[in-house]
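Biologist: I'd like to learn how to read a protein model. Could you walk me through it, one feature at a time?

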Amino acid sequence: MSSTQTTTRAPPAAAAKPVDKAIVPKGQPLKRYSREEVAKHNKEGDVWVIVDSIVYDLSKFAEIHPGGISVLLDADVAGKECTAVFFGLHRQEILYNERYAKLVIGQIENEEQLIRRNEAGSLSQVPYAEPMWLTPGFKRSPYFKESHYAVQKAARKFVDEHVYPDAQACEESGKRASQKILDMMAESNLHAMRMGPGKHLHGRTLFGGIVKPEEFDYFHEMIINQELARVQARGYGDGFQAGTVIGLPPVLNYANPTLKKEIVEGCFGGKKNISLAISEAFVGSDVQGMRTRAVKSEDGKYYTINGAKKWITGGMHAHYFTVGCKTDKGLTVFLVPRQEGVETRPIKTAYSAAAGTAYVTFKDVKVPAENMLGKENEGIKVILANFNHERWVMICSSARSSRAAVEECMKWACQRRVFGAPLIAQPVIRQKLAEMMAKCEAIQAWLEAVTYQMCNMTYGEMSENLAGQIAFLKAFATRCAGEISSDAVQIFGGRGLTRTGMGKHIEMFRRTQKFDAILGGAEEVLYDLGVRQAMKKMPKNARL
């Protein structure tokens, strides 16, 4: 659509829909103008434009426009319809910025807005923007019950209204999630739900009672993880209690009752944070090679810990650390409070400081023996038992992040015009989109199949049977995410390399998707793990 073309409008007799209240300052009624009247305001010092039937006076704003007044005049939009031009350069959210809402002076007579925001909590109508079980026109999946749909709706609304704005602001500032958001999550018991199903939920009111604690399963948890991933602010996402999600389960499963009671409620209340401290400068996926050491006192009442941990998610925010240590005959895991001798320093990574990624040192740190998680020298069991759930959570987020990129690309390809036609008219673009969509559907289907098994297995059965499946799925999901992010940048072009504007979410995804490919086990290590797990079950008598 050229700058002089108009969008299709409702006939004069049709009842006009009210203008989005976020576009109209203080809900004031809009004056009606004819297009002929707007056309008179087309010179320097007097510039009006029309965007989706709304009239904006840019006369004063033109002076501070990033491109200057010349861009507006050279683009031949002054006094004219510029909906297509605007959406070729700016994201829709710009129109709802209070600063720009003040520029609204009226609306074209007998016309109405056609381009509207999704209401908070609503589902996207863009094809493949939602997993199949949420896509209009498809029958419901056998995996999901009414409570799953209710949790999805509540989580979507909460994320859209509260978490997304906080995430975007904190990702930019580098600050951790606001305490207000953490408190709101505590009111709904979201912190507890992020730990998955279990006795820790009993007696709690979940999301105002839309799901009973004893009915809460891994599909409910999957939904919450995927809705939170939609904030598209990866540093914020990892600093948004992600450390607690992977650091608290060993406390829930292996701590003595007194220690568990002391720690868990503070974390579920959003007032305390915990981080999993396993990886070291010399040790990544090779957990057995860690060098941090814990030495037992002669009377056996406490241990002294010395060593350092690196790349600890949320470490800068943590009040407690779940620490893997070398002991006399193996590995042992301890809960270590932030105290004298524990120091944290920030590590600059590819994403925002909102993640709180830290280098943590322990110098002569004394920890009571009661803080041991599990048995002495059997910490490898504690660590490995935690890996399946950690990796599964990462798969949930990676799958949803990839799908969010597909939605961005579909919108952009349909609104961006090149060579006189929408970008999506190019066969090479449709081919990229086809591959992206197929990968998203495959990952989600595999994820749901694994989640179903988790819902119908004991913890021991999951450890025995799903380690290989989850390892394969995580590696496959993150490898696909890398390919999707690369294609997404090609579709967005230079905008996909820019941290603001049209391609900001694509730039973020491309820059940060490798975190999932490395954290929780590198792709190569997980593919090998999957094959080694298969080898264990290979029948001795199998022959061609």
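Predicted model: local features only at pLDDT ≥ 70, side-chain atom pairs only at ≥ 80, totals over all residues.

Biologist: What does the secondary structure of the protein chain come to?

Modeller: The chain has 19 helices and 15 strands. Its radius of gyration is 27 Å, close to the 24 Å that the globule rule gives for 544 residues, so the chain is as compact as a globular protein of that length. Along its principal axes, the C-alpha trace spans about 90 × 60 × 45 Å.

Biologist: What share of the residues in the protein chain is buried?

Modeller: Buried means under 20% relative accessible area. Here, 53% of the 544 residues are buried.

Biologist: Now the rings. How many aromatic pairs does a search of the whole structure find?

Modeller: The search turns up 17 aromatic pairs. Take Y33 and W48: their centres are 5.1 Å apart with 70° between the planes, and planes over 60 degrees apart count as edge-to-face, so this pair is edge-to-face. The pair links distant parts of the chain, with Y33 in strand β1 (residues 31-33) and W48 in strand β3 (residues 46-51), 15 residues apart. Both Y33 and W48 are buried.

Biologist: And which kind of pair do Y143 and F219 form, stacked or edge-to-face?

Modeller: Planes under 30 degrees apart count as stacked. Y143 and F219 have 20° between their planes and 5.3 Å centre to centre, so they are stacked. This pair also bridges distant parts of the chain: Y143 is in the loop between β5 (104-108) and α5 (146-173), while F219 is in helix α8 (residues 218-229), 76 residues apart.

Biologist: Why does Y143 count as partly exposed, and why does F219 count as buried?

Modeller: It comes down to relative accessibility. Y143 counts as partly exposed because its value is 26%, whereas F219 counts as buried because its value is 2%.

Biologist: Which residues do ring pairs link into a cluster with Y143 and F219?

Modeller: Ring pairs join W133, F144, Y149 and Y452 to Y143 and F219 in a cluster.

Biologist: Where does the charged end of R291 sit?

Modeller: Over the ring of F282, at 3.9 Å from its centre.

How values were computed:
Residues numbered from 1 in each chain as written. Heavy atoms only, no water. Phe/Tyr/Trp six-rings, centres within 6.5 Å; stacked < 30°, edge-to-face > 60°. Helix = DSSP H or I, 4+ residues; strand = E, 2+ residues; numbered from the N terminus. Buried < 20%, exposed > 50% of the residue type's maximum accessible area, 1.4 Å probe, protein only. Lys NZ or Arg CZ within 6 Å of the ring centre and 35° of its normal. Rg over C-alpha atoms; globule rule 2.2 N^0.38 Å.
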